[in-house]
Amino acid sequence: ASSMKTTPYDSYFKKAAKKYRVSESLLKAIAKAESNFNERDVSSSGAMGVMQLMPDTARGLGVEDPFDPEQNIMGGAKYIASKLRDEEAARAEDA
């Protein structure tokens, strides 16, 4: 993470990475690619905030305000962690 630019949300990325055991660098890379760290960003498909959560996904993750950077980053980290666990489980089944 130290090689990536500092953002106003570094404390949230750090907290989310620790809570969900996901790389802080990965979370920042996703946020950079998805919204360029813009908490007010809305995509043409309706994805919102720093991590570009779709409304239904955000609700399912317990994100009440997708434009709140802390909630959005925590929700995004929770989502990524679940996807990574799914991938690990699938690989374990194939082994």
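Lys28 is buried in this predicted model, with a relative accessible area of 2%. Because buried means under 20% relative accessible area, this lysine falls within that class. Lys28 belongs to helix H2, which covers residues 24-35. Its side chain makes a polar contact of 3.0 Å with the side chain of Asp10.

The aromatic rings come next. The count of aromatic pairs comes to two. Tyr9 and Tyr12 form a stacked pair, while Phe13 and Phe37 form an edge-to-face pair. Their geometry is set out below.

| Pair | Arrangement | Centre to centre | Angle between planes |
|---|---|---|---|
| Tyr9 and Tyr12 | stacked | 6.3 Å | 15° |
| Phe13 and Phe37 | edge-to-face | 6.1 Å | 85° |

Tyr12 counts as partly exposed, at 25%.

What does the pair of Phe13 and Phe37 tie together? Phe13 lies in helix H1 (residues 10-20), and Phe37 lies in the loop between H2 and helix H3 (55-60), so the pair ties together parts that are 24 residues apart in sequence. Phe13 counts as buried, with a relative accessibility of 0%. Phe37 is also classed as buried, at 8% relative accessibility.

A further ring, that of Phe67, has a charged residue over its face. This residue is Arg40, which lies at 4.4 Å from the ring centre of Phe67.

Note on methods:
Residues are numbered from 1 along each chain as its sequence is written. This is a predicted model: local features need pLDDT of at least 70, side-chain atom pairs count only at pLDDT 80 or more; totals for chains, interfaces and linings use all residues. Side-chain values use heavy atoms; hydrogens and water are left out. Helices (H or I, at least four residues) and strands (E, at least two) are DSSP runs, numbered from the N terminus. Buried means under 20% relative accessible area, exposed over 50%, partly exposed in between (1.4 Å probe, protein chains only). A polar contact is a pair of N or O atoms within 3.5 Å; within protein, one must be able to donate a hydrogen and the other to accept it, and residues adjacent in sequence count only if both atoms are side-chain atoms. Rings of Phe, Tyr and Trp (its six-membered ring) pair if their centres lie within 6.5 Å; planes under 30 degrees apart count as stacked, over 60 as edge-to-face and the rest as tilted. A charge sits over a ring if NZ of Lys or CZ of Arg is within 6 Å of the ring centre and within 35 degrees of the ring normal.
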